[in-house]
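Hi everyone, thanks for coming. Let me put today's structure on the screen, and then we can walk through it together.

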Amino acid sequence: MTDVTLIVNGETKTASVPPETTLLKMLREDLNYTGSKLGCDVGDCGACTVLVDGLAVNACLMLAGQAEGKEILTIEGLSTLEKYHPIQKAFEDVAALQCGFCGPGMIMTTKALIDQDEDVTRQNIKDALSGNLCRCTGYTKIIEGVIDAYQEITGKKLPEIKPRAA
Amino acid sequence: MIRRGKGVGCMWYPIGFTVLANPSAATVKVNEDGTATLLTGTVETGQGSLTVLAQIAAEELGVSTDDIHVVSADTDTTPMDTGAIASRTTYVTGNAIKLAAANAKQILFEVAAPLLEVQPNQLEAVDRKIQVQYFPQRCLPIADVALQAQFVMGRPPIGSASYNPPTVGMDPETGQGKPFSTYVYATQCAEVEVDDETGEVDVIYMSAAHDCGTAINPMLVEGQIEGGISMGIGFALQEEMLFDDKGLQLNPNLTNYIMPTSLDMPEIDVDIVENFDPTGPFGAKGVGEPTAVPTAAAICNAIFDAVGVRITSLPATAEKVLRAIKEKNDNDQKILPAAE
Amino acid sequence: MADEVKVADKTETVESLRKIDDNLRLPSVPEKRVFPKEIDVSAARMQTPAVGQRATRPDGRMHGLGQTKYIDDMFFPGMIHAKIKRAGIAHAKIKSIDVSEAEKMPGVMATLIGSEIPVNSFGPSLQDQPLLADDVVRHAGDGVAAVAAVTEQQALDALEKIKIVYEELPNVFDPVEAMKDDAYKIHNNESNIYASKTIMKGDVEKGFADSDFIFERTFTTQMVEHVPMEPHASIGEWDANGRVTLHSSLGRITLGRADISRTLEMPINRIRIIATVVGGNFGGKNEITTEPIVALLSKKTGRPVKCVFTREDEFISSTTRHPFVMEYKTGMSKEGKIMARKVRLICDGGAYCSWSETTLGKACILSAGPYNIENLHVDAYAVYTTKTMTGAMRGFGAPQVCFAYESHMDDMAAELGIEPLEIRLKNAFNEGSASPTGQVLEAVVVKDSLEMATERFGWKEWRK
């Protein structure tokens, strides 16, 4: 067993874990942050996405020990008791999530994208989300939610896509 | 060279089980303040059914969606339900809930009638009020009526009901019968780009017009259609469980089993075909499964339009499309008329 | 030595027992739930009338906040983890199963094999599927034994120690081959065909005789997995009154409870199933999988037992979409009216029936398409093969037959020189049309949907 200390959502947390423990397992089972999900355990589905020092990471691919001392932001760290996070609000408003299992990962990827502080296009959004699998939504309303959140947070506007004909 | 094509796929799909009974039961408990709790044995599996069912209960009671709290999916506390299967929840469970809410409402009407000096059958529940039909000025807040019912009349406004879609068994020889109570209809159109040098197919646009009877919640209907299309695209172009000669699956993981990502999704325009089914709750039917039905057909027809090859076995992978294009080219050369 | 203790036939030192306790990683003090204290309720949720509103989802809010508790997010005091051993061989007779070495592995608290399950079979139409195969393995993903241990890793390690002796049986992978009289009978029945359906309407031979053109084509489709993002999961907890509470990702709890009652031979009122929000179903979570297994392991160990499928379990052992072979023959008038259609459907059911009968029935009825066809003959068969079993999946055979009848339609349109939209409008159901089963159809809007989708697409103006 090794002691691992992480700064999770601004709070310092320590747990004693076997060395093979992934960051995801430590967050979920030792620290009880169950918002990040285990969908495949090999980095294919993105349901476990968290931010490690600001970068989106598949927590199932990173050993807990590798994250020693790092700042981890999980889905539980976005909203506060005072403020509903704009990404989470946008996702709720457009019904971006159906079964919701991919949701925390999707939202953390979105957070990383918007935090880059660069101009974003629809293609950028699709590229960014391409590592997060969703089986319910066809990604359409998720992309809509990302656009709404991006516009809300940055004050920038993405060009509208006009529906065809009719 | 990139070649473009358009294709259409049209379908029909039934709601509920084939002939077999597939009942749902529900209980609606109106609270003392006119809000209500709905008990249903169905399971929320992502589609938003609990919200839709709340809307159905709310509509019947004349209150808002937020006035309904839904308790679901616990065999100890919720009534029997056949479950989230066969696109049946909105239609079958919805009908049960509408009936249960109507039973609770009947108690409210019977309590309100003497207060409003009319007969119960002259009342309606609208906008959180129990009011006299065609004379809406005479009304009481539903909260007052619910409180009166429970604490003065001693009749808590609770309603339970069940619903099972009517069917007629099929003749074993000819299959003739009425296996389903109702059906929905839909069409999807696809625009694709096919690279005739690689066989790669890119779906760039899809329009989808789906009938679901009344759309209880259009936003959630759109979500179903968009999601169904993504599943249809996977079925058409990418997904296949592959086995080796011993029967072991070669791709039991999401690395090698390819399903659609955000990059595989086209622009989608969704239209809901206006329709009203008198047998459904407020005219509603269902939408879950049919959304994934015509997509592959539309895409394969668009491939045919683009490069003139008919894909007869799914998925239409790049290898398969390229092979078909090569075969076609070989055949086209063969049938060139010989020079005189 | 004094500090040696005998526990379930294995010798443990106090030291190793302490280590087990170390490994029993119960969650630490629960993290606080962060949610905005004041959240506006969306206007659409507050409005009356409620029907037609774009009401937002309260569960959607929980999903976004990461606060939805799926099964795998639940931890109960003392809870242990179960894993299932997969056969890894497609078709074999089980000569023996030896779990004794597995039981000696660190952290292992119990094992379970099929013969310990009171009624080791289930299925919605035919009860032909074992929960854990105890006699014959019929596909490589069949479960053959389960282990419950303190941690998931310990359970996985112990699976490796289970010794099973198999006697290989012939494989039958191709459904068409499987239908033949001399094919190996996977379930010891007279035939591998376990369900068949027929629809006959009008006189199909006369219809063909009256046709100007006859078109024939065979279509096939592949096996597809549901891929719900949340793998199947369940937690079983046996209590002192002989009741079992099951948290499960099951999409149909009432019928699931009946199945569990049957397999465990216990009264229905002693079983409670709580399904939280299911993380994606699409038909794949409509049957019991591990529920009776975790119930029995909980009974054996006196602890809550959780079993979550790995992604591989999800692929190899859960149900899938049926591969179909679809032979279509259609007679057309030169004006483009369908005169007669004959369809033969072969549905590859895999190792067990599951929802194949339903799938076959729906496919059979829907295979003519939303078109008026006076003369119709459909024959459909579901066949066992030694592959992953197929079951309910979004559309119950409809995506398969739709691919066939709509591809076939465009083939014929091209041959006759009729525009694809035109040929559909010419044949589509009207209000009051009779379905292939003779049902009078109401609220029919096929043509409306055709017109709406093509108009939105810009079908008529569209150029390559």
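I'll start inside one chain and finish with a contact between two chains.

One thing to keep in mind is that this is a predicted model.

Let's begin with chain A, which is divided into domain 1, residues 2-77, and domain 2, residues 86-154. How far apart do the C-alpha centres of these two domains lie? They are 21 Å apart. Where the domains touch, domain 1 of chain A supplies 15 residues and domain 2 of chain A supplies 13. On the domain 1 side, two elements give two or more residues each: β3 (49-52) and β4 (55-58) of chain A. Of that side, β3(A) gives the most, with 3 residues. By type, the domain 1 side splits into 8 nonpolar, 6 polar and 1 charged.

Now please look at two helices of chain A, α4 (residues 122-129) and α5 (residues 140-154). Their axes come within 11 Å and cross at roughly 120 degrees, so α4(A) and α5(A) count as oblique to each other. The crossing is right-handed. Which residues meet there? From α4(A) we have A:I125, A:K126 and A:L129, and they meet A:I142, A:I143, A:V146 and A:I147 in α5(A). That contact holds 6 nonpolar residues, no polar ones and 1 charged.

Finally, let's turn to chains B and C. Their contact takes 97 residues from chain C and 101 from chain B. On the chain C side, the largest share, 9 residues, comes from helix α14 (residues 446-457) of chain C. That side of chain C divides into 45 nonpolar, 29 polar and 23 charged residues.

Key
Residues numbered from 1 in each chain as written. Chains lettered and ligands numbered in written order. Predicted model: local features only at pLDDT ≥ 70, side-chain atom pairs only at ≥ 80, totals over all residues. Contact = placed C-beta atoms within 7 Å. Helix = DSSP H or I, 4+ residues; strand = E, 2+ residues; numbered from the N terminus. Nonpolar A, V, L, I, M, F, W, Y, C, P; charged D, E, K, R; others polar. Domains from an automatic or database assignment. Axes fitted to C-alpha atoms, helices over the stretch in contact; angles between N-to-C directions. Parallel < 35°, antiparallel > 145°, perpendicular 65-115°, else oblique. Left-handed = near helix turned anticlockwise from the far one by under 90°.
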